[in-house]
Amino acid sequence: MSAAAADWLPSASVTASGRPVLSTGEVERNLLPLVDLEPEENPGLAPLRACLLALTSHRLIFLHEPSRSARGLPLATVVHAYPPHRRHSHNPLRSLFSSSSSSSSSQHHRIRLQISMPPARSEVVAIVVTCKADVDVFFGRLLEAIRARAWEVAPVAAPSSGTPVAEGAAPAEDIAIRMPVVGVSGILRMEQESWESAGQNLQDAFQDLNALMSKAKEMMQLAEKMRLKLLMNSSTESNSNDEEMGSKQDMQDLLLSVGIVSPVTKETAGALYHQQLSLQLADFVRIPLEKAGGMMALVDVYCLFNRARGTELISPEDLLQACSLWEKVDVPVMLRKFDSGVKVIQTKTHSDEEVFARISSLAQKPDALQKGISPSDAAFTLGIAPALAKEHLLNAENKGLLCRDVSPDGFRFFINLFNEIDAQNIYSQKPHGLYNAWISVAMASH
Amino acid sequence: MQRLGDFRLPPFFNYPPYFTLQPVRETREKQVQLWKDLILDYCRSQKIHTISLEEDFPLFSNPKIERSLSHEAKEVFLAALVSEGRAEWMDKGHKKCLILWLRIQDWANFILNFVKDNGLEVMTIEEIRSGIDTRGTELEGIDRGVLMRALRQLEQKGKAAIFKGTSADDEGVKFSV
């Protein structure tokens with residue numbers, strides 16, 4: 001059953017790899033797999049089954065993974081959340097009304113929510129957790145999110161918090177009457193003063209930190225806003241000159257690399273960490289991959305991804321695990337291991353044939369016929385990293401397209417002429433063909 | 001056209017990858033084939049019967065493009081000749097290689113035709129290797145071991161009889177044409 005059935009809830013958009021799309025300032029808080037949403041008192045509302053539940057600062061998103069559809073329940077509509085409990089059966093009416101499938105879930109944890117539905121109607125729904133997950137942690141996060149009321153915080157309002165408190169505290173200290181430092185009471189007073197000032201320092205320090213964090217959020221919002229504006233501009237003003245476009249492109253790249261607003265973390269995703277990380281990574285690498293010509297070294301992706309995540313860094317093992325999970329889900333990217341052991345991420349549409357064609361034409365240029373090509377030559381022409389270029393060259397060699405020349409000058413590749421040479425008559429040269437082209441270049445050089 | 005002494009070198013002798021042992025199977029097969037042919041042609045034209053891997057061999061390096069074969073490559077190419085019966089290792093360490101630009105039985109036929117054409121019946125071994133009759137022919141300087149094996153093959157077919165002289169290096173052969 002896809003999430004489309006529950007049309008009493010607003011639908012939520014989903015990324016290409018099946019992660020919920022978050023709105024500006026929305027941050028993921030926790031994830032629960034295999035969750036049902038059952039309306040408890042109104043049989044007219046269709047339930048949701050076997051969804052991934054993502055708790056964000058703004059919504060409860062029920063994501064039906066097989067159909068990649070989702071419904072979002074805004075936290076703003078939650079009037080009250082009841083602590084999790086196993087299903088109770090004191091209400092005989094419910095057992096009458098509830099469907100047969102829900103009665104089997106009696107051993108599951110339920111979190112009942114009282115929600116207000118437009119127009120001025122109240123419903124009770126239950127989040128039924130059918131897997132073994134830490135429901136209490138989830139409930140804790142849910143309460144936090146409801147109390148934080150992040151949806152009410154307008155993006156512009158953020159800067160005012162934090163800073164004024166520290167300023168206001170300073171003058172109060174100045175006018176405080178200082179007691180003479182005499183006797184035991186004086187010592188005690190001094191002790192207390194030093195305690196108080198230490199406490200004040202600590203508080204100030206944390207306030208600074210909070211201010212910094214809220215500033216950071218602001219910066220991210222600013223960056224995102226500028227990016228969108230640039231996007232809009234570039235689509236409308238197609239007649240602007242190249243230089244301007246170039247600088248806009250640079251600016252956009254800069255802003256894009258500012259970061260992922262809501263990175264998947266071990267804390268929020270729990271057991272679903274690697275799976276969700278894998279999906280987020282798939283969404284993330286799409287754009288850098290396109291720019292890099294469809295293939296990137298895993299190391300480069302690691303750096304880019306962690307840079308985008310800011311402080312929520314992941315380990316190389318996590319990245320590798322996230323990549324290896326791609327095999328099991330339908331995402332447009334894949335992990336590939338070359339014979340040499342070099343691992344890369346490439347789009348599934350990336351074709352080696354195209355690369356081979358480009359390498360082949362590169363190796364047939366007069367200069368390359370004579371001196372061969374090095375990995376850095378190929379890297380320059382193909383616009384990729386030298387390590388990757390070398391992999392492509394080795395691959396082309398494997399296909400019989402190139403052959404190698406190892407000398408004190410280094411490791412170079414030549415277009416493969418061995419198959420062009422007539423073994424029966426080694427002195428002959430066909431009037432046409434690669435071998436002939438090579439001979440004329442080689443003769444001219446010596 | 002590049003030459004090595006009076007030997008005409010093929011154009012691909014200036015192709016740098018020709019001097020690097022190719023790791024890809026199909027490419028290497030073709031490379032080995034080209035080297036086998038070139039070694040045999042060169043040895044035959046220069047009347048070279050043995051190649052020592054320890055010493056410089058003019059064919060195995062090309063100063064013009066500053067490339068030369070590695071020891072491994074030399075051994076691979078010679079081993080390919082050995083496996084076809086066109087060469088033999090002369091020691092267990094594979095340091096010296098006997099090149100048979102004619103196989104033993106081809107040598108036997110060659111000798112038989114030679115004596116037929118020249119109306120010769122009795123020759124000593126040394127006469128065949130360095131006598132006036134064989135001067136300038138491919139028999140000049142033939143490896144003694146190769147010659148004896150070819151003659152013994154003829155003997156088995158009843159085309160020749162080897163007889164001993166007074167000393168060991170004074171053997172002779174009588175051909176029955």
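This is a predicted model: local features need pLDDT of at least 70, side-chain atom pairs count only at pLDDT 80 or more; totals for chains, interfaces and linings use all residues.
Mentor: Two strands pair if DSSP finds at least two bridges between them.

Trainee: What makes β8(B) and strand β10 of chain B a pair?

Mentor: There are 3 bridges between β8(B) and β10, residues 172–175 of chain B. The rule asks for at least two, so these strands count as paired. They run antiparallel.

Trainee: Which residue of β10(B) stands opposite B:V122?

Mentor: That is B:K174.

Trainee: In what order do the strands of this open sheet come?

Mentor: The sheet has 3 strands in chain B, ordered β8-β10-β9, with antiparallel pairing.

Trainee: Why are β8 and β9 of chain B called edge strands?

Mentor: β8 (122–124) and β9 (160–163) each pair on one side only. From one strand to the next, the twist averages 20°.

Trainee: Which helix lies across β9 and β10 of chain B?

Mentor: Helix α5 of chain B, residues 144–156, does, and it runs at about 125° to β9(B).

Trainee: Now the rings. How many aromatic pairs are there over all chains?

Mentor: Ring centres must lie within 6.5 Å to count. By this rule there are 18 aromatic pairs.

Trainee: Why is the pair of A:F414 and B:Y15 called edge-to-face?

Mentor: The centres are 5.9 Å apart, which is within 6.5 Å, so the rings pair. The planes stand at 80°, and over 60 degrees counts as edge-to-face, so that is the name. This pair crosses between chains: A:F414 is in strand β14 (residues 410–415) of chain A, and B:Y15 is in the loop between β2 (7–8) and α1 (25–46) of chain B.

Trainee: What makes A:W438 and B:Y15 edge-to-face?

Mentor: Their centres lie 5.2 Å apart and their planes at 75°, over the 60 degrees needed, so this pair is edge-to-face. A:W438 belongs to helix α15 (residues 434–445) of chain A and B:Y15 to the loop between β2 and α1 of chain B, so the pair joins two chains.

Trainee: How do you know whether A:W438 and B:Y15 are buried or exposed?

Mentor: Buried means under 20% relative accessible area. A:W438 has 3%, so it is buried. B:Y15 has 1%, so B:Y15 is buried. A:F414 is buried as well.

Trainee: How do you know that A:R112 lies over the face of A:Y82?

Mentor: CZ of Arg has to be within 6 Å of the ring centre and within 35 degrees of the ring normal. A:R112 is at 5.1 Å from the centre of the A:Y82 ring and lies over its face.

Methods:
Residues are numbered from 1 along each chain as its sequence is written. Chains are lettered from A and ligands numbered from 1 in the order in which they are written. Side-chain values use heavy atoms; hydrogens and water are left out. Rings of Phe, Tyr and Trp (its six-membered ring) pair if their centres lie within 6.5 Å; planes under 30 degrees apart count as stacked, over 60 as edge-to-face and the rest as tilted. Helices (H or I, at least four residues) and strands (E, at least two) are DSSP runs, numbered from the N terminus. Buried means under 20% relative accessible area, exposed over 50%, partly exposed in between (1.4 Å probe, protein chains only). Axes are lines fitted to C-alpha atoms, for helices over the stretch in contact, and angles run from 0 to 180 degrees between N-to-C directions. Contact means heavy atoms within 4.5 Å.
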